[in-house]
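Subject: Structure handover and charged pairs

Hello,

Here is the structure for you to look over. My notes on its side-chain contacts follow below.

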Amino acid sequence: MLATPRVFGQKLIVFALALTACRAKEGGNCGDTPGSCVDRTSHLVCVDKRYVLETCAGPKGCNDDGKTVLCDDTKAAIGDGCAHDGARACSTDGTEELRCREHKFAVEWKCRGGCTLDANDNPKCTPVGEVGDPCRPDSIVCDGAQTSQLACSGGNLALRRTCHGAMGCRTAPGGAVRCDRTVALEGEPCTEEGAGACDTSRKNVLVCAGGKFKTEQRCLGELGCELPGNYSVRCDKSIVMASEACDEEGAVTCTTEGQQVKCSGGQWVRDKTWKPKKGETCTNRFRKSRDTEKFDAR
């Protein structure tokens, strides 16, 4: 009578060990089985015939009702496992948006005002960053001060261009990054050859030449260097120096001495057709415009 319980007990132990040996584990081989919850916040899922440990750090955690496994991966930490490359999540501290790359969550970007979830549990994030922050390839964001545009280079954010215009650097709905390049500094790097900008005094037009902004036009007229919108700057050339060069053949304007001059052969020369009345001074209104650099989309 005493032998039967001992045998029965041994069978229970052997059965328990068999279950332990067969239990799925991260990196182990798998077939078409859906996997299961490891605990309240993680889930084993079969990817390319290997088990991947997926993090379920969202408020719903991991739930296994015996038929399906539900894993809430809307929240995660950097380095947490994930089953589907490209999946997005908010970081557990709510400061960053993460993306699944090679089955690990990595930083997509920091979020101005935090990362939140919309009604469909998709991350909502206004991207922001600082020089040196980790980033996804080809991403473009504004810095925290909203005065510079940053781009991903070698896995970290680097300065792409400054945004001295009144609008600074802004992220529009949909993710487009707008960098106001209507104002620039002499000698500052630039990316679009021939693009113009006002200098900070709004008295000169700078032009991108050889990768640097250089002063091209002095705007001696009352309006100086104007910003009419539509990605352009406009120089008030209603007053020029008599010795100043010009490039718009036939244009007519006035000198600082009140004489009317005409652009001829690349120089302003006295306009012999102008016959002023006694006491009359030149009052022509000549403007010259240039396109500015456009914004980039991330």
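Strands here are DSSP runs of E with at least two residues, numbered from the N terminus. Please keep in mind that this is a predicted model.

Start with Gln149, which is found in strand 12, residues 148-153. Is Gln149 buried or exposed? Gln149 is buried, because its relative accessible area is 0% and the cut-off for buried is under 20%. Its side chain joins that of Arg161 through a polar contact of 2.8 Å.

Arg161 has a relative accessible area of 3%, so Arg161 counts as buried. Glu293 is at 2%, so Glu293 is buried as well.

**Glu216 and Arg290**

Next, look at strand 25 again. Which residue there pairs with Glu216? Arg290 does: the two side chains meet in a salt bridge of 3.0 Å, N to O. This pair also links distant parts of the chain, with Glu216 in strand 18 (residues 212-218) and Arg290 in strand 25, 74 residues apart.

How accessible is Glu216? Glu216 has 39% relative accessibility, so it counts as partly exposed. Arg290 is partly exposed too, because its relative accessible area is 25%.

**Lys237 and Glu244**

Lys237 and Glu244 form another salt bridge, with the closest N and O atoms 2.2 Å apart. Glu244 has a relative accessible area of 15%, so Glu244 counts as buried. Lys237 is at 4%, so Lys237 is buried as well.

**The network and the total**

There is also a network of salt bridges. Which residues does the network link? They are Arg99, Arg101, Glu108 and Arg136.

How many salt bridges are there in the whole structure? The search finds 14.

Best wishes

Conventions. Residues numbered from 1 in each chain as written. Predicted model: local features only at pLDDT ≥ 70, side-chain atom pairs only at ≥ 80, totals over all residues. Heavy atoms only, no water. Helix = DSSP H or I, 4+ residues; strand = E, 2+ residues; numbered from the N terminus. Buried < 20%, exposed > 50% of the residue type's maximum accessible area, 1.4 Å probe, protein only. Polar contact = N/O pair within 3.5 Å; in protein donor to acceptor, adjacent residues only side chain to side chain. Salt bridge = Lys/Arg side-chain N within 4 Å of Asp/Glu carboxyl O.
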